[in-house]
Amino acid sequence: MQSVIATLDAFFEKASTYMNLKVTVTDIVEIVIIAILFYYMLLWIKDTRAWMLLRGIIVILLFVAMAVIFQMNTIIWIVRNIASVAIIALVVIFQPEMRRVLESLGRRSFLTSFIPFDSAKGGTGKFSDKTISELVKACYEMGKVKTGALIVIEDKVMLTEYERTGIAVDGLLTSQLLINIFEKNTPLHDGAVIVRGDRIVAATCYLPLSDSLSISKDLGTRHRAAVGISEAGDSLTIVVSEETGRISIAMNGELYRNVDADFLRNKLLSLQKNEQDGSKIESWKRRLKDAKENYQKANK
């Protein structure tokens with residue numbers, strides 16, 4: 001590896017003698033990293049209100065550039081004196097977007113595979129095949145009679161913050177219980193239900209609303225809340241439309257509209273499989289730890 005880097009450095013050094021430039025491998029890596037970060041930043045702001053805010057900032061910067069070109073000393077003096085305050089103002093203005101980016105980075109599997117941030121979570125358990133059948137049955141029965149519903153199935157990221165906004169239920173998930181919760185004019189029908197494992201842990205929970213511009217204007221608060229919670233964690237959210245009775249799913253900031261029973265079941269099975277794989281990994285970690293401890297005791 002060192003020989004490859006040395007060869008590249010020699011190549012860039014020779015090239016720089018002809019171009020009067022000094023370029024190293026480190027410079028190339030820096031350019032690539034900055035280009036990737038800039039690309040993902042543009043993707044991030046494309047579908048949010050940050051794009052409109054950024055356009056406003058660009059307009060201000062153009063006026064400042066004109067002031068510098070034409071030597072408008074008063075404007076330049078004002079800009080110099082408010083520069084430090086402007087930086088703090090930008091942090092405050094973009095706070096929701098910055099928080100969403102940091103949450104997104106925290107959900108990346110490549111990071112959690114090296115640093116077990118959620119190791120203290122404990123085993124919340126995976127949901128069973130029976131729970132999947134009950135969920136699918138309840139959703140499509142509510143869809144037939146156009147009963148609105150919002151069901152959040154927790155994955156690895158715990159939703160305790162949103163669970164506290166609702167009323168504790170802690171009941172075994174069944175289709176009858178879900179239908180009764182979302183029945184119109186009942187005390188628990190308004191808001192979201194949070195599912196952890198095979199149990200409904202809370203109802204009437206308040207979820208964050210997404211400000212994504214890609215969400216269709218003909219969709220209501222339920223769909224926007226479903227996308228919002230999927231942006232804040234790794235959960236799967238099921239929405240039953242009160243107007244049309246159609247089923248939609250929100251995952252990782254994406255909304256899948258008008259899905260059929262097979263599609264919903266496959267998504268739930270996929271989520272269940274991920275949980276099973278995670279539990280197998282934890283089991284192997286425990287076995288390796290026990291084996292290491294036994295080995296150390298035997299060699300004392």
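How exposed is Val-32, and what is its relative accessible area? Val-32 is partly exposed, with a relative accessible area of 43%, where buried means under 20%, exposed over 50% and partly exposed in between, using a 1.4 Å probe and protein chains only. The model is predicted, so local features need pLDDT of at least 70 and side-chain atom pairs count only at pLDDT 80 or more, while totals for chains, interfaces and linings use all residues. Residues are numbered from 1 along each chain as its sequence is written, and side-chain values use heavy atoms, with hydrogens and water left out.

**Overall make-up**

The protein chain has eleven helices and seven strands; these are DSSP runs, H or I of at least four residues for helices and E of at least two for strands, numbered from the N terminus. Of its 300 residues, 29% are buried. The chain exposes about 19700 Å², of which carbon and sulfur atoms supply 63%, as computed by the Shrake-Rupley method with a 1.4 Å probe, where for residues only the protein chains shown count as cover. Among contacts (heavy atoms within 4.5 Å) with a separation of 6 or more, 63% join residues 24 or more positions apart.

**Cores and a surface patch**

In soluble globular proteins, nonpolar side chains tend to be buried together. A nonpolar core is here a set of buried Ala, Val, Leu, Ile, Met, Phe, Trp, Tyr and Cys residues joined through side-chain atoms within 4.5 Å. The largest such core has 28 residues, and Ile-151, Ile-153 and Leu-178 touch the most other members. Elements that each supply at least two residues of this core include α7 (129-144), β1 (149-153) and α11 (261-298), and the largest share, six residues, comes from α7. Beyond its neighbours within four places in sequence, Ile-153 is in contact with several residues, among them Phe-127, Leu-135, Val-195 and Leu-268. A second, separate core of 18 residues includes Cys-205, Ala-225, Val-227 and Val-239.

Val-32, found in helix α2 (residues 25-46), also belongs to a nonpolar surface patch of about 670 Å², made with Ile-28, Ile-31, Ile-36, Tyr-39, Tyr-40 and Leu-43. Patches consist of residues with over 30% relative accessible area and no salt bridge, with like charges joined within 9 Å and nonpolar side chains (Val, Leu, Ile, Met, Phe, Trp, Tyr) within 5 Å.

**Salt bridges**

The structure holds six salt bridges, each a side-chain nitrogen of Lys or Arg within 4 Å of a carboxyl oxygen of Asp or Glu. The table lists some of them.

| Pair | N to O distance |
|---|---|
| Lys-130 and Glu-134 | 3.8 Å |
| Asp-170 and Arg-199 | 2.9 Å |
| Arg-222 and Glu-242 | 3.3 Å |

Lys-130 and Glu-134 are four residues apart in helix α7, and are therefore separated by about one helical turn; Lys-130 is exposed at 52% relative accessibility, whereas Glu-134 is buried at 13%. Arg-222 lies in helix α10 and Glu-242 in the loop between β5 and β6, so this pair ties together parts that are 20 residues apart in sequence. Arg-222 is partly exposed, with a relative accessible area of 24%, and Glu-242 is partly exposed as well, at 33%. Salt bridges that share partners also join Glu-154, Glu-163 and Arg-196 into one network.
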